[in-house]
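Please follow the salt bridges of this model, and then look at a helix pair and a surface patch.

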Amino acid sequence: MEAMRGWSFQIGRFFGVEVRIHAFFLLLLALAVGIGSLAGESAGRVLMLWAMLLFAVAVREVARSLAAAWYGLELRGILLLPTGGLMNYATLDATERAAAPAMQRRMAVVGPIASIGFGVLLAAIVYAAAPGVNLLERPWITPEHLLRALVWLNLLLGAVNLLPAFPLDGGRVFRGAATGADGKGARGTSGMGAGMGAGLGARGGAGLGSGTGWGTRWGAGLGQVIAVGLVLAGLVSGVMWLTIMGVFVLIGAHMENQGMLVQSDVDTVLMRDVMLTQFSTLSASDTLEDALQRAVHTLQDVFPVVRGGSLVGAVSRQNIVEALAADGNSYVQGVMTKSFQTALPGDSLVKTLRRIMGEHGAQLVPVMEGERIVGIITPQNLSQSMGLLNQSRRMRRVENP
């Protein structure tokens with residue numbers, strides 16, 4: 001979603017949901033006007049045909065938005081593409097629920113049903129109001145016959161989205177099934193991407209693990225085959241929209257393939273694989289000057305704060321320095337934060353990243369075994385730890401091909 005968002009611009013906000021349109025829509029308009037002018041088509045009718053496609057996509061996304069509200073999935077934004085739309089959810093809980101295979105299947109049928117149902121309704125209206133219009137005559141989508149084009153744009157939009165290629169609806173369902181077949185479960189890509197941006201930085205994820213399973217690789221190849229098929233179908237039938245959609249699906253399949261490579265590998269990393277096990281703690285009754293002296297002799301940026309062996313908070317080196325400069329010497333308990341989340345050694349890295357992201361600047365995630373702190377995770381240490389883990393796994397693959 002974030003990669004595609006960079007090629008889009010906002011067209012409005014409706015009921016608190018940001019709606020953006022992808023630049024591919026403008027490319028489609030430019031190509032349509034150019035080809036239409038060569039064929040002697042009216043620029044106004046070409047513009048109307050383009051607006052009909054945008055309208056068909058909007059109808060489908062309204063239906064999907066209503067379905068999301070019905071299932072309790074709060075939306076943050078929708079990115080409109082020539083193939084449909086990508087949803088961005090407002091909360092981590094909504095993102096994770098939307099990524100569940102069962103929810104993906106429910107949401108995936110809404111778009112095609114809405115498009116095909118709306119197309120059938122339009123066909124019935126056209127037959128009733130203008131029985132002389134032959135909706136079956138080819139070409140189905142042409143500026144010369146806008147009523148027929150409006151019907152077939154909706155019908156084809158619904159039918160094409162049933163194909164198992166990302167970013168189509170069928171592709172989202174197939175992605176979850178393929179990832180599940182690899183034994184790794186389905187995860188939400190958007191939450192994952194944001195979490196990686198917050199924790200790992202640019203170096204963190206590429207090339208981790210032992211590679212993807214057969215389902216993911218086969219799914220990526222199938223998406224490319226479908227994309228090429230759409231391009232050829234558009235060229236043969238003269239439906240330029242299918243050609244553009246095929247190109248877009250080809251790009252989307254490539255982007256999704258890269259995202260799945262990162263996601264599948266990171267899902268195999270557990271907290272115990274990257275947590276810091278050599279760390280210092282501070283007592284709530286330590287003075288800030290004592291805490292600063294301890295901070296001088298370690299590279300640790302954030303310290304767990306304990307009282308009587310129990311974890312009660314966390315404090316950063318920066319908090320200590322700022323408090324000393326502002327108010328003089330006092331006690332750690334006066335400046336520590338009590339807002340933190342804990343994790344277990346067997347928790348996945350994805351879960352940890354989402355917690356760090358969800359805290360909007362969380363400085364520390366303690367890793368606990370019962371009441372005992374066995375490790376810590378900070379945003380600062382994740383990039384280095386993941387880089388070293390990456391090197392270690394690559395060397396093991398070379399030794400054991």
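**Salt bridges, a helix crossing and a patch**

Arg-148 forms a salt bridge with Glu-137, their closest N and O atoms lying 3.8 Å apart, where a salt bridge is a side-chain nitrogen of Lys or Arg within 4 Å of a carboxyl oxygen of Asp or Glu. This pair links distant parts of the chain, 11 residues apart, with Arg-148 in helix α6 (residues 146-160) and Glu-137 in the loop between α5 (101-129) and α6. Arg-148 is buried, with a relative accessible area of 3%, whereas Glu-137, at 41%, is partly exposed; buried means under 20% relative accessible area, exposed over 50%, and partly exposed in between (1.4 Å probe, protein chains only).

The model is predicted, so local features need pLDDT of at least 70 and side-chain atom pairs count only at pLDDT 80 or more, while totals for chains, interfaces and linings use all residues. Residues are numbered from 1 along each chain as its sequence is written, and side-chain values use heavy atoms, leaving out hydrogens and water.

The structure holds seven salt bridges. Among them is that of Arg-60 with Glu-61, whose closest N and O atoms are 2.8 Å apart; Arg-60 is buried at 1% relative accessible area, and Glu-61 is buried at 3%. Arg-60, Glu-61, Arg-64 and Asp-169 are linked in a network of salt bridges.

On the surface, Val-228, Leu-232, Leu-235 and Leu-250 form a nonpolar patch with about 370 Å² of accessible area together, for which residues need over 30% relative accessible area and no salt bridge, with like charges joined within 9 Å and nonpolar side chains (Val, Leu, Ile, Met, Phe, Trp, Tyr) within 5 Å. Leu-235 counts as exposed because its relative accessibility is 59%.

Technical notes:
Accessible areas come from the Shrake-Rupley method with a 1.4 Å probe; for residues, only the protein chains shown count as cover. Helices (H or I, at least four residues) and strands (E, at least two) are DSSP runs, numbered from the N terminus.
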